[in-house]
Amino acid sequence: GSVSSAAASLLGAGAGGVEELCEQLTDDVVAWALLRWEVGSGTFVRSKLVAIHFNGEEVPVVRRGRLNARSGEVMALLGEAHATLEVKRKEDLHLNFICERLMKVLTADAMEKSMSAEALRKDYENLIAEQKMKKASSQKSIGPRTAKETQKNITVDWALSAVGDATGPYNWALLEPE
């Protein structure tokens, strides 16, 4: 059966990648994020989806247990991801950590055999810089950078679709259980 988006509420969505996503987190929350990661360049660029379970270590044990019991529902909402990561502290969710974890998944892809975690990080940084430049040069074509900058209410379903679509306006969305 399908999972209702009522299972979660949207905490944020944006186009600024991992760093921007981290700005939304504190160690006293349990939340889930879907992050679009682009690999390769030019005609060889491919999108990979990364599900992140942020299990804040400062959340009281009973509350954390109750929220984590909802993990199956929220993960079902996020849909199929190429990789799933769990992080307990905001400071651990950084580019190098994600690149190292993604390398394990991506080396299964024949085209990525020669890629290193360092090369993956550089590609990602270049992509985010490129997106920021495009945004600066034409506000209208890319639209708002984060969901907070938009005037309308964005639904969980719309935000997840925007992340899942390789040409969508957002590359991350952050959810919490209702």
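**Ground rules.** I worked on a predicted model, in which local features need pLDDT of at least 70 and side-chain atom pairs count only at pLDDT 80 or more, while totals for chains, interfaces and linings use all residues. Residues are numbered from 1 along each chain as its sequence is written, and side-chain values use heavy atoms, with hydrogens and water left out.

**Aromatic pairs.** I looked for rings of Phe, Tyr and Trp (its six-membered ring) whose centres lie within 6.5 Å, calling planes under 30 degrees apart stacked, over 60 edge-to-face and the rest tilted. By this rule I found 2 aromatic pairs. Trp 37 and Tyr 124 are stacked, at 3.8 Å centre to centre with 10 degrees between the planes. This pair links distant parts of the chain, since Trp 37 sits in strand 2 (residues 30-39) and Tyr 124 in helix 5 (residues 117-137), 87 residues apart; I took helices (H or I, at least four residues) and strands (E, at least two) as DSSP runs, numbered from the N terminus. Trp 37 is buried at a relative accessible area of 0%, and Tyr 124 is buried at 3%, where buried means under 20%, exposed over 50% and partly exposed in between (1.4 Å probe, protein chains only).

I then turned to Trp 158 and Tyr 170, whose ring centres are 5.8 Å apart with planes at 80 degrees, so the pair is edge-to-face. Trp 158 is partly exposed, with a relative accessible area of 39%, whereas Tyr 170 is buried at 2%.

**Helix 3.** In helix 3 (residues 71-78) I noted Ser 71, Val 74, Leu 77 and Leu 78 as buried. They cover an arc of only 125 degrees around the axis (taken from the directions from the helix axis to the C-beta atoms), which puts them on the same side of helix 3. Just after this helix, Gly 79 takes a positive phi of about 80 degrees.

**Cores.** I used nonpolar core for a set of buried Ala, Val, Leu, Ile, Met, Phe, Trp, Tyr and Cys residues joined through side-chain atoms within 4.5 Å. The largest has 28 residues, and those touching the most other members include Trp 37, Leu 93 and Ile 98. Helix 4 (95-106) gives the largest share of this core, 6 residues. Leaving aside neighbours within four places in sequence, I found Leu 93 in contact (heavy atoms within 4.5 Å) with residues including Val 18, Ile 52 and Ile 98.
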